Amino acid sequence: MPQKQRTAPDIQAAKGQRKLAVLTAYDYPTGLLADAAGADVVLVGDSLGMVCLGLPDTLGVTMADMIHHTKAVARAVKSALVVADMPFMSYQTSIETAVANAGRFIQEAGARAVKLEGGADFAPHVRAMLAAGIPVMGHIGLTPQQIARLGGFKAQGKTARAARKLVQEAKALAEAGCFSLVLEAMPAEVAARITAEIEIPTIGIGAGPHCDGQVLVFHDILGLCPGLKPGFVKQYADLWTPARDGLAAYCAEVRAGAFPAEAQTRRMDPQELAEFLAASEYGDA
Ligand code: KIV
């Protein structure tokens, strides 16, 4: 029997019961693949900017980009919870803007939850979204939308003080009502402490093995972005090499006149062909 589509409360209820597998996806085929692989959550991450749009970071990703790509993923995903990432400046300027933009992901794009980066400062935004009926996934630690302030893609929570601050941020977001929380790029000990202290599932990325779940970027898992490989990534397949070789074989066959061959060629019915060739003019078609 087909499984019913997972909801934010299902994901929250998994805490302490089973580990959660989260994948990113950005369009219809990647959504289909992530869902077929059995992901609990498919996140349309703003990593879109880096792995699909060729941007150096996530700061240039817009609401229009995210809505467009979330729509495609939502059409594909039938079992996992679809979460849309709120891009830079789509929620930071005011609570009203945050709720309105989060609502677009649900109403226009077909997501069933949103994710936002940031700590206690955004607890009021989370509360307002929840009041509007929009489940929110939090995201603390390395928050790529803050790289200008952080000075780059740097691990967080490395000093005792910074680690304590992360625990406080996590508690504030859990208390505000987030249904889960991404912990990015922090020591495993800090992620373990947060996981033990809050009642919602933590989803780690570069945060060690003690989180309630893990998330990785689709293209990193499958080796689709050569050259971009953070240390915490495990590449489970190398699709770049066979993909490039397949495309190169096509280019070579076109140039050699070997494609299309007879198998890919449509021919006319012989009688129609004879008539066609016998015609001396084409005006009476
Ligand atoms: O944008 C993204 O893909 C993310 C995940 C890596 C958590 O935020």
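Which residues in H5 meet which residues in H6? In this predicted model, local features require a pLDDT of at least 70 and side-chain atom pairs count only at pLDDT 80 or more, whereas totals for chains, interfaces and linings use all residues. Residues are numbered from 1 along each chain as its sequence is written, and side-chain values use heavy atoms, with hydrogens and water left out.

Ile95, Ala98, Val99 and Ala102 in H5 meet Pro124, His125, Ala128 and Met129 in H6, where contact denotes heavy atoms within 4.5 Å. The residues of this contact of H5 with H6 comprise seven nonpolar, one polar and no charged; Ala, Val, Leu, Ile, Met, Phe, Trp, Tyr, Cys and Pro count as nonpolar, Asp, Glu, Lys and Arg as charged, and the others, Gly among them, as polar. Helix H5 spans residues 95-107 and helix H6 residues 123-131; helices (H or I, at least four residues) and strands (E, at least two) are DSSP runs, numbered from the N terminus. The axes of H5 and H6 come within 9 Å and cross at roughly 45°. Axes are lines fitted to C-alpha atoms, for helices over the stretch in contact, with angles running from 0 to 180 degrees between N-to-C directions. H5 and H6 are therefore oblique to each other: angles under 35 degrees count as roughly parallel, over 145 as roughly antiparallel, 65 to 115 as roughly perpendicular and the rest as oblique. The crossing of H5 past H6 is right-handed, a term applied if the near helix is turned clockwise from the far one by less than a right angle, left-handed being the anticlockwise case.

H6 also packs with helix H8 (residues 160-176), at an angle of about 20° and with the axes 8 Å apart. This makes H6 roughly parallel to H8. H6 passes H8 in a right-handed crossing. On the H6 side, Ala123, Val126, Arg127 and Leu130 meet Ala172, Leu173, Glu175 and Ala176 in H8; these residues divide into six nonpolar, no polar and two charged.

A further pair is formed by helix H2 (residues 28-36) and helix H4 (residues 63-76), which pack at an angle of about 40° with their axes 7 Å apart. H2 and H4 are therefore oblique to each other, and H2 passes H4 in a right-handed crossing. Tyr28, Gly31, Leu32 and Asp35 of H2 make the contact with Ala72, Val73, Arg75 and Ala76 of H4. Five nonpolar, one polar and two charged residues make up the contact of H2 with H4.

Backbone geometry was examined next. Met89, although not a glycine, has a positive phi of about 70°. Met89 lies in the loop between strand S3 (81-85) and H5 and is partly exposed, with a relative accessible area of 44%; buried means under 20% relative accessible area, exposed over 50%, and partly exposed in between (1.4 Å probe, protein chains only). Ala185, likewise not a glycine, has a positive phi of about 50°. Ala185 is placed in the loop between strand S6 (180-184) and helix H9 (188-197), and is buried at a relative accessible area of 11%. The peptide bond from Phe259 to Pro260 is cis, with omega near 0°; Pro260 belongs to the loop between helix H11 (240-256) and helix H12 (270-278).

A search of the whole structure finds zero disulfides, defined as pairs of cysteine sulfur atoms within 2.5 Å. The sulfur of Cys211 is 15 Å from the closest cysteine sulfur, in Cys178, too far for a bond. Cys211 counts as buried, at 1% relative accessibility. For Cys251, the nearest cysteine sulfur, that of Cys225, is 20 Å away; Cys251 is partly exposed, with a relative accessible area of 31%.
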